[in-house]
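Colleague: Hi! Could you walk me through this structure, one piece at a time?

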Amino acid sequence: MTKDCITIILAPLQGVTDLTFRNVFSDHFYGVNEAVAPFISTMAQMRLKPSRIKDVDPENNKKLFVIPQILGNDAKDFIFLADHLYEMGHKKINWNLGCPHSKIAKKKRGSGLLMYPDKIDAFLDIVLSKISNTLSIKLRLGRKSKDEIFKLLPVFDKYPLDEIILHPRTGIQMYDGTSDPDAFEKARSLSRHKFTYNGDIINLKTFHTIQKKIPGIQRFMLGRGLLSNPFLAEDIKGILIDKNINDRLRKFHDDLFSNYQTIFSGPAHLTGRMKGFWRYLGPSFKNSKKNIKKILKADSIAKYQDMVEAFFKDKPEFIK
Ligand SMILES: Cc1cc2nc3c(=O)[nH]c(=O)nc-3n(C[C@H](O)[C@H](O)[C@H](O)COP(=O)(O)O)c2cc1C
């Protein structure tokens, strides 16, 4: 299969892959075709959270095609939000059936709904007859057991879906253990829908392993792998650009920092967000634990900037 056939989708990571991140990332790195935005929760009584809507406004998202994601289980509230997104220009939306957090799952949202195929069936029956957008679903294999998906696939087969994005773990697994490409392949083989693979692609080696295990798979969603190695999509697609890795990462960092500076009013908010960035990227540098720790400990913007300066001055080796 040629590399041109491969589609790479930036995964939604709440609190990380927001509008600012997506735009700055697209200015600095290549190879990502589209993004699913972090979830927007449905709200009762026809309410909308302006900041969440702004995040997916097509006017602000011209650099990278974005698909909004909705988290919720109430058909009426879902339709209200889907309609609003449609009016904004979103022809495609995604339904979150994967969120593993127990607070959310307890309310039968995200992966908490996976144990209830009848509820999912009833929801899709109402929603898909009412909304004008097309729908894709992002899910895990199940909430408690990897077998739950086999009761869901016949339900999904009844409805038109853009695609199924499957992260082959269970909800209760959170991010522990490994994702299960064999279970992914089994589910894919039993469905009439198009599938996107998501989970633990952290470098070229893991990408090739998944490709071998799932012959013909063309669509990949990458999350933490792209955050720890922003060059990963370029590597997968064989895009050769500037070899000066640290220079590019520094420019990306500085751009992200200055963009967040215009958004976050408090210094703790700004450094907090940037520390999140370092938690993913930091471990990709060889022998850099001490310097990363200093960045993560910085208690003011000035200190943070000094520590970042010192970090790059050391010319740390980035391991892809
Ligand atoms: C901090 C964090 C926030 C996440 N937020 C979302 C979200 O808003 N919607 C969603 O569908 N998945 C969310 N995920 C799951 C990721 O999209 C993805 O499915 C998961 O990280 C596995 O892919 P990866 O191994 O490539 O990171 C989140 C994951 C993390 C670690």
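Modeller: Happy to; we can start with the domains, then look at the sheet and the helices.

Modeller: One thing to keep in mind is that this is a predicted model.

Colleague: Thanks! Into which domains is the chain divided?

Modeller: There is domain 1, covering 3-237, and domain 2, covering 245-313. Their centres, taken over C-alpha atoms, are separated by 28 Å.

Colleague: And how many residues of each domain are in contact?

Modeller: On the domain 1 side there are 12, and they are in contact with 13 residues of domain 2. Helix 1 (19-28) and helix 9 (224-228) are the elements giving two or more residues to the side of domain 1 that touches domain 2. Helix 1 supplies the largest share of that side, with five residues. By class, that side of domain 1 has five nonpolar, five polar and two charged residues.

Colleague: Let's stay with helix 1. At what angle do helix 1 and helix 11 pack?

Modeller: They pack at about 150 degrees, and their axes are 10 Å apart. Helix 1 is therefore roughly antiparallel to helix 11. The crossing of helix 1 and helix 11 is right-handed.

Colleague: Which residues make that contact?

Modeller: From helix 1 you have Thr20, Phe21, Val24, Asp27 and His28. From helix 11, the residues include Phe252, Leu256, Tyr260 and Ile263, and also Arg248, Lys251 and Asp255. Sorted by class, the contact of helix 1 with helix 11 holds six nonpolar, three polar and four charged residues.

Colleague: How does helix 11 sit against helix 12, then?

Modeller: The axes of helix 11 (residues 245-263) and helix 12 (residues 267-281) come within 10 Å and cross at roughly 150 degrees. That makes helix 11 roughly antiparallel to helix 12. This crossing of helix 11 and helix 12 is right-handed.

Colleague: Which residues meet there?

Modeller: Leu256, Phe257, Tyr260 and Gln261 of helix 11 meet Leu270, Arg273, Met274 and Phe277 of helix 12. The contact of helix 11 with helix 12 has six nonpolar residues, one polar and one charged. If you look back at helix 1, you'll find that Leu256 and Tyr260 of helix 11 are also among the residues in the contact with helix 1.

Colleague: Nice. Switching to the sheet: how many strands form it, and in what order?

Modeller: It is an open sheet of 10 strands, with parallel pairing, in the order 3-5-6-7-8-9-10-1-2-4. Strand 3 (40-41) and strand 4 (65-67) are at the edges with a single partner strand each, so one side of each has no neighbour in the sheet.

Colleague: What holds paired strands together in general?

Modeller: Strands of a sheet pair through backbone hydrogen bonds, either parallel or antiparallel.

Colleague: Which strands pair with strand 1?

Modeller: Strand 1 (residues 7-10) runs parallel to strand 10 (residues 219-222), and four bridges join them. Leucine 10 has leucine 222 as its bridge partner in strand 10. Strand 1 also pairs with strand 2 (residues 34-36) in the parallel sense, over two bridges. There, isoleucine 9 has glutamate 34 of strand 2 as its bridge partner.

Colleague: And how many bridges are there between strand 6 and strand 7?

Modeller: Six bridges, in the parallel sense, pair strand 6 (residues 92-97) with strand 7 (residues 134-142). Isoleucine 93 is opposite leucine 135 of strand 7.

Colleague: Last one: which strands does helix 3 lie across?

Modeller: Helix 3 (residues 75-88) lies across strand 3, strand 5 (69-71) and strand 6. Relative to strand 5, helix 3 runs at about 165 degrees.

Key:
Residues numbered from 1 in each chain as written. Predicted model: local features only at pLDDT ≥ 70, side-chain atom pairs only at ≥ 80, totals over all residues. Axes fitted to C-alpha atoms, helices over the stretch in contact; angles between N-to-C directions. Parallel < 35°, antiparallel > 145°, perpendicular 65-115°, else oblique. Left-handed = near helix turned anticlockwise from the far one by under 90°. Contact = placed C-beta atoms within 7 Å. Nonpolar A, V, L, I, M, F, W, Y, C, P; charged D, E, K, R; others polar. Pairing = 2+ DSSP bridges. Domains from an automatic or database assignment.
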